[in-house]
Amino acid sequence: MIRVLKMDTLWLIDVKFTSIETYATKSELTQTSNSLTSTISGVRTDVDALGTNLAYAYSADGTNGFTTTYPNLNLLKNTKSQSYTSTGTANNNSSNIYTLDGVVADILNKPLTITYNYAITNSSGTWSGMIRPTYGLGGLSQSVSNINLSGTHKETVTLTAVGQNSYGILTSGLPMNAKVTITNLKLELGSTATPWMPSKTEVKPSDYPSYVGRALKYSTNPSDYKWEINSGYTDAKADANQTQVTQLSQDLDGFKTTVSSTYLNKTDASNLYPTKTTVATQISQSATDITSSVQSWTNGKLNGYSTIQQTNDSITSAVSSKADRSQVTQLSDQITSTVTGLTNESLITTQMMKDTTLVHPSFNTMPMVEVPVTNGETYTVSTNQPWENNAANVFFIRATSTSPVTGINGVYDGKSITSPALSDKIYIVFRNQNFLNRFIDGKYWVRVVSTSATRSQITQLSDMINLRVSKGDVTSQINIEAGRTLIDTKQLLLNANTVKFSGSAFIPDAMIQNLTASKINVGTLNGANVNIINLNASNITGGTLNAIDIKGSNITSVGENYTLNQKNGSITWNRNSDGKKVFGIETQVEPSNEGNTVFEVSKKGSLSIFSKTEDVNIYKNLLTFYNNADNGITASSSVDKIFVQGTDNSASRNQTYSLTISESGISYTSSKSTRPTFNFSNFNSAISFLVGDDISSISLIGGVARVKSKYTTISGDFTVTGSKNAIHATRDGVRATPAYETAESYLGDIGSNYTRENCEVWIEIERLFSDTVNTDIAYQVFLQAYDDAKFWVADFKSDKFLIKSDKPLSRFVWEIKAKRRGYESDRLVLQDDFDSEKIEEAWREK
């Protein structure tokens, strides 16, 4: 018994070693003025962790591989034995044969120990030099010579920056063909060197010391230790196999009782990585509630639990696993039970990763796995693969046209991505095949799960019962009250021989396979959708009849104020008040002028329309419309001519427009100066178009096109078979200057300047000019000296170029030629609309 007294606290601690080798228990009582806590704990271990002296070996007598320092795992891979043959005395190195098993960030700014054995063979003569098998990582070089051909190297370093994750063997001063062999290279954290071990991805159970020895005092003699099989752990020495704790806490607020058990076992297929499992029960009691719970944890993650909480007015119980959770809540006036699906199984499997032959279409070294999904549903992709070299190695893309980018769709440990599917497939992309193999081998995992959790709930009140099932945003529910039942769902299926409605039913839309017509009582039937034969028309009464075809010699429709009558091809509208015809379309010889407006067709084929304010007559070849004395439209036609003219003789306008179509051409004219005029003549193949007072015009006469305007703009490409000229007035007539053209689309600019005292000057490219050309690609600069000096272009940038001279303050002229923006790839573009015959024809015509 150990009694410890503090001013306000009393500890009573009883420690009992039930077995110096395998088990220890401890009880503790802590008491303060307002609380009392008692704890009993037991620790059972396969490797003693209670302070005895330990040693490790690979044989039962401890002589094979004896060490008192438990070996750390190697931070490098491929380190057991590597060789390199020198190519000469100058610095030379092997390829990168050692790879960091992890990320560079894990080894920076920490003490590191480097150890290895070296041996040099196949050398002759007298020589001296150095070797370093961590070339690219850091560390010191090992001196070697013809008298120092083998040995052991050990050093401790702290690295602040490493630019790569693979390293090679460097040699210097060694004769050609001298062979360097490095064995048991090890990089480990800390300043203590431990025996060689493989890295964490290479290690096997047989690599760990298979025997553990215990001694009352430290010794380097294996016979001083008691040896037994190391039944503990591969990656952690002196860890407890099982820890049990019971604890009772009491204070003014209540009691809390806890019982827990934590144990380790190896459940993975490789038998390498121990699994830590914890189970615990707890009961908490206060003046207002009692709560009891049972929980299970694996490697720090909650697997499942059950809990019951009771107060004076409620009881709540819940049971949860990794994937599902159920809960029942009972109040005095309500009972609610809920079952929720928390997660789903991963949609991507190891077999899918093994079988895939897909690669990203834009990056053919990046393997890709296609995962079938539901279009529009939301999915989450996660992985335990860490961030390496400032980049992700797993990517979630929703379409193959999307590029894998770390900052956008990269997934790594600590970052998952949730997005809705755009189709029935999504894709998981891996940086390369090596990374994919890590997932296939089980070192890392990647999960694709649907985030559309399912949930069902039953709520019961004294006057209502509600049943609800939901998945994502879709919900179905049934709500039952006295005198009312609500069914709310996307689709309702009734599977019964007979469904009866004792009252009335309101159905906005329905499709009924078999229907008895005697039961139909409706206000409107659409004849386009109903086929009725042998119908007694005298029995038809209703608001609306929609039919496709009605046949008969006389149809009369009586309205409130007017009556329409159709008979023998004539249609008349009569006013109900006096029976007078107000409008009619007649097929008789003589006109009927009884109403306000009448359409008549005579035997000669003329149509007449009569009204009080407007007369329209169509005779054999003439149509005239007259609105009043000032305005009118006249149209005439003959075998070879159509003429239409509009006249507005009002004082404010006084304008005439005419359109003539004849065998000689087409002409449109206007008396207003701002109106356009158009003429097309077959006589001399002429076309002309005039706007305003001859300000803008286009004419094509005798194969010659002329365009006259203040400005002329062409949108799109402009191609000619002849020459492109500018016209100039000279003292010897009007002369043409042809355009200067190149095989590619270049634009140019010219300027002058001079070099400064340092024989150089930067020429800034004008911003407006740079908007028209692309100076991010190669451009040309030409120079002309204005002084007795040599000039050259020393540097090119996107916004300037550097001119240098062999003499200071020397003048020059520069000319820049750069490719037109948007046309950088154009060079002697093939013209599919032209062929050699057309070009030859154009040349002959010229």
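Strand β33, which spans residues 446-450, is mostly covered, with four of its five residues buried. The model described here is a predicted one.

**Strands β28 and β33**

- Strand β28, made up of residues 378-383, runs antiparallel to β33, and the two are joined by five bridges.
- Within this pairing, the residue that stands opposite Thr383 is Val446 of β33.

**The open sheet β58-β63-β60**

- Three strands, in the order β58-β63-β60, form an open sheet in which the pairing is antiparallel.
- Because β58 and β60 (780-785) each have a single partner strand, they stand at the edges of the sheet, and one side of each is left there without a neighbour.
- On average, and with direction ignored, neighbouring strands of this sheet are turned by 20° against each other.
- The antiparallel strands β58 and β63 are joined by nine bridges, and Asn753 stands opposite Phe812 in β63.

**Loop residues with positive phi**

- Cys759 is found in the loop that lies between β58 (746-754) and β59 (760-764), and its phi is near 65°, a positive value in a residue other than glycine.
- Cys759 has a relative accessibility of 18%, and because buried means under 20%, Cys759 counts as buried.
- Leu809 lies in the loop between β62 (800-805) and β63 (811-819), and here too a residue other than glycine has a positive phi, with a value near 55°.
- With a relative accessible area of 47%, Leu809 is partly exposed, whereas Cys759 is buried.

**Asn409 and its surroundings**

- Asn409 is found in helix α2, which comprises residues 406-409, and at 5% relative accessibility this asparagine counts as buried.
- The side chain of Asn409 reaches the backbone oxygen of Ser403 at 3.0 Å, and Ser403 is also among the residues that Asn409 touches when those up to four places away in sequence are not counted.

Notes. Residues numbered from 1 in each chain as written. Predicted model: local features only at pLDDT ≥ 70, side-chain atom pairs only at ≥ 80, totals over all residues. Heavy atoms only, no water. Buried < 20%, exposed > 50% of the residue type's maximum accessible area, 1.4 Å probe, protein only. Pairing = 2+ DSSP bridges. Axes fitted to C-alpha atoms, helices over the stretch in contact; angles between N-to-C directions. Polar contact = N/O pair within 3.5 Å; in protein donor to acceptor, adjacent residues only side chain to side chain. Contact = heavy atoms within 4.5 Å.
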